[in-house]
Amino acid sequence: MVRLAVIGSRGAWGRLLGITAGVAVGVTLALLLGGAYQGLDARDERSSWMNASGEYVVGGDTRAGAVTADMASLGEDRVLLAPTTDRHDGARIVRLDLAAPITSSVTIPGIAHLPQPGQYYASPALIDRIAQLPADELGDRFGTLAGSISDSVLASPDSLVVVVGADASALIERSAAQIVTSFTDVAYRPSTNYQTVAIVGAIAVLFPVLLLVSIVTGLGASARRERFATLRLIGATPRTVAAIATLETAATSLVGALIGVVLAALLRPVAALVSVDDEVFFPSDLAVTPFTAAVVVALTVATSAVTAGWRIRRADIGPLGQTKQRQEKTPSPLRLLPLAGGLGILTAITVATLAELPVPHLGTLIIIGFTTTTVGLLMAGPYLTLFAGRIMARRSRTAAGVIAGNRIRRTPVATFRSVSGLVVAVFMVSVFAAAATTADVGAAPGDGPGRLPISTLIQYLDPTLDAVDFAPTEEVRARLAAISGVTHVTTIFTIDSGNGFDTSQLLMLADSANDLSLGPVPPAAVVSINSDALSGATAVFTPSAETTDVAALTPSIVLIGTDGSTAAIERARTALQTGAIAGTGWLPAGTRTDHADDRLQSMAASFATLAYLGIGVATLIAGLSLAIATISAMIDRRRMLALLRLHGMNLAGLRRIITLEAAAPLLAVMALSIGLGFLVAELILVGLTGGGRSVGWPDARYIGALTASAVLALTAVAAAVSRLGKNTDLAAIRYE
């Protein structure tokens, strides 16, 4: 009996292969997403030693045990650490300058010995980068290579990290200098925002996957009706038929799930190439434990099997192949409550955050609100589809429209189920695309008349430098000006206002201002430039009202104009670091683009790449789900469709019916999905960032994603209706 139900035709094997493939895709994505979530924690925990901190150095401290410029004052259990962010060709380099005696007992994970002055340890990716470049573009900044930092303490194969040995006298006056006693006991504090967005992204991609598995299982139930009817004819009870369907789907799903486990392992190196926070993963980061894989497989098999058995039992297949049509319960407005509840949770979080009220378990509440909203959209879909069907049945002027409208009106739940995958995909597309737009908020403006070119390096100097110390600055200026590709070197000054140096008043010599070519310069010896010109605003020069005495000015900023080539920018950056121009307040030079990039390293910007990857996955899966669901619905009603053909309706009319049944729920819910997606993205961003981030206008990628969704929908329906001729021939109306 089982053999008769399962095996016997090419179609049966095709159906089994389809279920297996659908389950395999779902399990593969589920395991990769689960591994990615764990990988985010794993790589941050590995690299937590770079967050080592301690007591900041107090200048002039003469107490016993105080750290001074003498290396011996550190003893054997302390080191002096000054962390900063260096750059090369747009890439961020984590730089840790370290002063430690040779006899120090402090250790750094992944490094054999602490570097001494003039030595450095670097990550493999940084070593490779240094080896491929002229020394004056990067390598000269650090000294002599002493060894490599082990992969076991790096976040990513792409990590650019360097630990540079230095004298205590060179670090003691830096504002970032700290006294550190350990790099091995650094507490790892995972970012709640980071984890929340990761979970939201995983849920967003998993929803279409779960719908795909459900719809594939439903297709199997529809395609087996005739064989199960044969079993009923030879004496099988409805319970026996349901048990056979359950066992068959369980076995098929188990095979698909195991294939999914293997595929996840094989695709791990490819998935590891996806960049998050400008860094890829080690393949091992995406590995899940055997227990996790077993749980995923067990849940998938159990869910698929129970769903198949329930659907066959509910179909109540008779011994003559007839299925008793069950009248669907008319959806009520109560279906809108989960959607309203999810939005209510997210709105309440946003209002409380903006009001600066404490919100306990913020991340958990956002995940609950997002999940409830997504489930609410699926529950509200049939109610909206019902209205679409009523309008179509009432206003249609064609037979296809009337038939499709009345079928939708009678079965809104089943009709919406066929397009639910694409509806959820459009919702997720809108959420992801809206969230990704925040990465562009605050970006540095481009070049233009009156604006400081983005190819100009900005070097901030030590604010304690006196005018009498200007000679070293002039020496370095001359060396910088001689670098190939450097067009000008300009010094900006500040003046002591009596309460400290007034950094809002930036002064410069008129001749230097003219060299910048940013606009008209008034005829004065010393002119003032607006401070926001350094961040991209239009430069405005005015005569200095404070002083005309250059000797009273203090050099604070050096602008190094370049021809825009990477080589010129990096040579100038290296020359600045190897010279004494930065003083004790040392901070690597950066362009406007570099500084803007620092401002944009937010949660949403880090996940922008994953957002559009999720868009692609969700959309493709949804298109496949729509095609399968449409075919399944057509198989369910092939006798009715064949009778329509027998009564004289041609295939074109049947195609219009199938197309209208797919289009009506899509049109009814699509606008809601788009608007809801942007609203949810706004509420999540505002809630996580305390109002510091919000969504902007979507870019062309979003329009492309919506267009791709529409094309997939049309392709899916076209693929389904292409089978109409085969599924509605006269054989479909036989009852004996």
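**Close-up 1. Glu 137 and its partner Arg 571.** In this predicted model, Glu 137 is a buried residue, with a relative accessible area of 9%. Its side chain meets that of Arg 571 in a salt bridge, with 3.9 Å from N to O. Glu 137 belongs to the loop between α3 and β5, whereas Arg 571 belongs to helix α15, so the pair ties together parts that are 434 residues apart in sequence. As a general point, side chains of opposite charge can pair when their charged atoms come close.

**Close-up 2. The salt bridge between Asp 97 and Arg 95.** The search of the whole structure finds seven salt bridges, and one further pair is formed by the side chains of Asp 97 and Arg 95, which meet at 3.0 Å from N to O. Both of these residues, Asp 97 and Arg 95, are buried.

**Close-up 3. An open sheet of seven strands.** The seven strands of this open sheet follow the order β1-β7-β2-β3-β6-β4-β5, and their pairing is mixed. At the edges stand β1 (55-56) and β5 (144-148), each with a single partner strand, so one side of each is left without a neighbour in the sheet. β1 pairs with strand β7 (residues 178-180) in the antiparallel sense, over two bridges, and here Glu 55 stands opposite Ile 179 in β7. Helix α15 (residues 566-578) packs on the sheet, where it touches β2 (79-88) and β3 (91-99), and its direction makes about 160° with that of β2.

Close-up 4. His 488 is part of strand β9, which covers residues 486-494. With a relative accessible area of 18%, His 488 is buried, because the cut-off for a buried residue is under 20%. Its side chain makes a polar contact of 3.2 Å with the side chain of Thr 490. Leaving aside residues up to four places away in sequence, His 488 touches Asp 515, Leu 516, Leu 559, Ile 560 and Gly 561.

Methods:
Residues are numbered from 1 along each chain as its sequence is written. This is a predicted model: local features need pLDDT of at least 70, side-chain atom pairs count only at pLDDT 80 or more; totals for chains, interfaces and linings use all residues. Side-chain values use heavy atoms; hydrogens and water are left out. Helices (H or I, at least four residues) and strands (E, at least two) are DSSP runs, numbered from the N terminus. Buried means under 20% relative accessible area, exposed over 50%, partly exposed in between (1.4 Å probe, protein chains only). A polar contact is a pair of N or O atoms within 3.5 Å; within protein, one must be able to donate a hydrogen and the other to accept it, and residues adjacent in sequence count only if both atoms are side-chain atoms. Contact means heavy atoms within 4.5 Å. Two strands pair if DSSP finds at least two bridges between them. Axes are lines fitted to C-alpha atoms, for helices over the stretch in contact, and angles run from 0 to 180 degrees between N-to-C directions. A salt bridge is a side-chain nitrogen of Lys or Arg within 4 Å of a carboxyl oxygen of Asp or Glu.
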